[in-house]
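Let's take a walk through a protein together. Keep the picture in view as you read, and try to find each place as it comes up.

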Amino acid sequence: MHIHNLSQQNSVLNTFISEIRDVTIQKDQMRFRKNIERIGEVLGYELSKALHYKTSVITTPLSNCRMSVIDNDIVLCSILRAGIPLHNGLLNYFDMAENAFISAYRHHSDSSDDFEIIVEYLACPDLENKTLILADPMLATGRSMVTAFEALKPFGTPKDIHLVSTIGAQEGVDYVEKYFDKHTHLWIAAIDETLNEKGYIVPGLGDAGDLSFGDKLQH
Ligand code: URA
C-alpha cells in the first residue's frame, strides 16, 4: 500500500490537526467540523496528484487553451456519521464525484470493551471500473474501513482505491495495509502511536462523531 502521511511535512494541515486535537478549541463544534472539512480539502488536493488526467481544449473569451483535467470516474464513499465533514471537504474538490454512504457503528454486546462493527445503511452507485475514495475520519482499528469495503463489494470492482483519514493509529494503518492490495493509496493527516483499551486513538482527539454532532445515547 502507498501510505502518504502528510504530517511528515510542515504545512497548514498541521495547524488544522492541532486544532481538532486541542481539548479547548475542539469544543467549538462548528470550528471542529470546519477543520475536518479543511483537512478533507488538503487530503483531496494531495490525492488529486495521483489521479489520471486527460487533455481538454478549453475555450476562453480570447482563445482556446489545452488543459490537463481529471479523467477518473470518482465515487466518494464516507462512513456515517463522523465522516460527513470529511466527505464535504473532499466533495468541495471532487464536485463531479458520485457519492456513497454507509453507516458503521461499534456494537458492544456486553459490558466488555470488545465490539463488532454493524453496518445498517448503505447507498452506493455502480463501482465497476471507477475510482473509489473511501473516507473514515478516524482509522483506529481499521475494522470499520474493511467492513465498509466488504459491504461495497456487491456494487462492483473499482479500478483504483484511495483511503482517506484524518488521524490513524499505527495498528489501524497496519490492519488496512494487510487487507488492501499493494496498489491502494492511504492519504492520512497524522499517525498516532497507539489505541487505548476502548479502541480510541491515543493521543488522538476523542470521539469525532460526538465532537462534530454532539453526544448520542448508546443502544
Ligand atoms: N473513533 C473516534 O471518533 N475516535 C477514535 O479515537 C477512534 C474511533
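**Meeting the ligand**

Start at Ile 201, where a backbone N or O atom lies 2.8 Å from an oxygen atom of the ligand. Ala 208 does something you can look for next: a backbone N or O atom of Ala 208 lies 2.7 Å from an oxygen atom of the ligand. At Gly 206, a backbone N or O atom lies 2.7 Å from a nitrogen atom of the ligand. How much of the ligand does the protein cover? On its own the ligand has 240 Å² of accessible area, and the protein covers 88% of that. Please bear in mind that you are looking at a predicted model.

Now let your eye move to the other residues around the ligand. Besides Ile 201, Gly 206 and Ala 208, the residues around the ligand include Arg 106, Met 138 and Ala 140.

Where does the ligand sit? The space taken by the ligand is the largest pocket. This pocket holds about 860 Å³ of space. The lining of the largest pocket is made up of 30 residues, and the closest to its centre are Tyr 105, Arg 106, Tyr 200, Asp 207 and Lys 216. Among the lining residues, 13 are nonpolar, nine are polar and eight are charged.

Which strand gives the most to this lining? The answer is strand 5, with three residues. You can trace strand 5 through residues 98–107. Other elements that each supply at least two residues of the lining include strand 4 (74–80) and strand 8 (138–139). Helix 4 (143–152) and helix 6 (208–213) also each supply at least two.

**Some details along the backbone**

The peptide bond from Leu 80 to Arg 81 is cis, with omega near 0°. You will find Arg 81 in the loop between strand 4 and helix 3 (84–93).

Another cis peptide bond joins Val 202 and Pro 203, and here omega is about 5°. Pro 203 is in the loop between strand 12 (201–202) and helix 6.

The last stop is Asn 129, in the loop between strand 6 (116–123) and strand 7 (131–135). What is phi at Asn 129? Phi is near 65°, a positive value in a residue other than glycine.

Terms used. Residues numbered from 1 in each chain as written. Predicted model: local features only at pLDDT ≥ 70, side-chain atom pairs only at ≥ 80, totals over all residues. Heavy atoms only, no water. Near = heavy atom within 4 Å. Polar contact = N/O pair within 3.5 Å; in protein donor to acceptor, adjacent residues only side chain to side chain. Areas by Shrake-Rupley, 256 points an atom, 1.4 Å probe, with all protein chains shown as cover. 1 Å grid on protein atoms, 1.4 Å probe; cavity = no way out; pocket = protein on both sides within 12 Å on 5 of 7 lines; lining within 4 Å. Sits in = over half its atoms within 2 Å of the grid points. Points joined across faces, edges and corners; volume = space filled by probe spheres on them. Helix = DSSP H or I, 4+ residues; strand = E, 2+ residues; numbered from the N terminus. Nonpolar A, V, L, I, M, F, W, Y, C, P; charged D, E, K, R; others polar.
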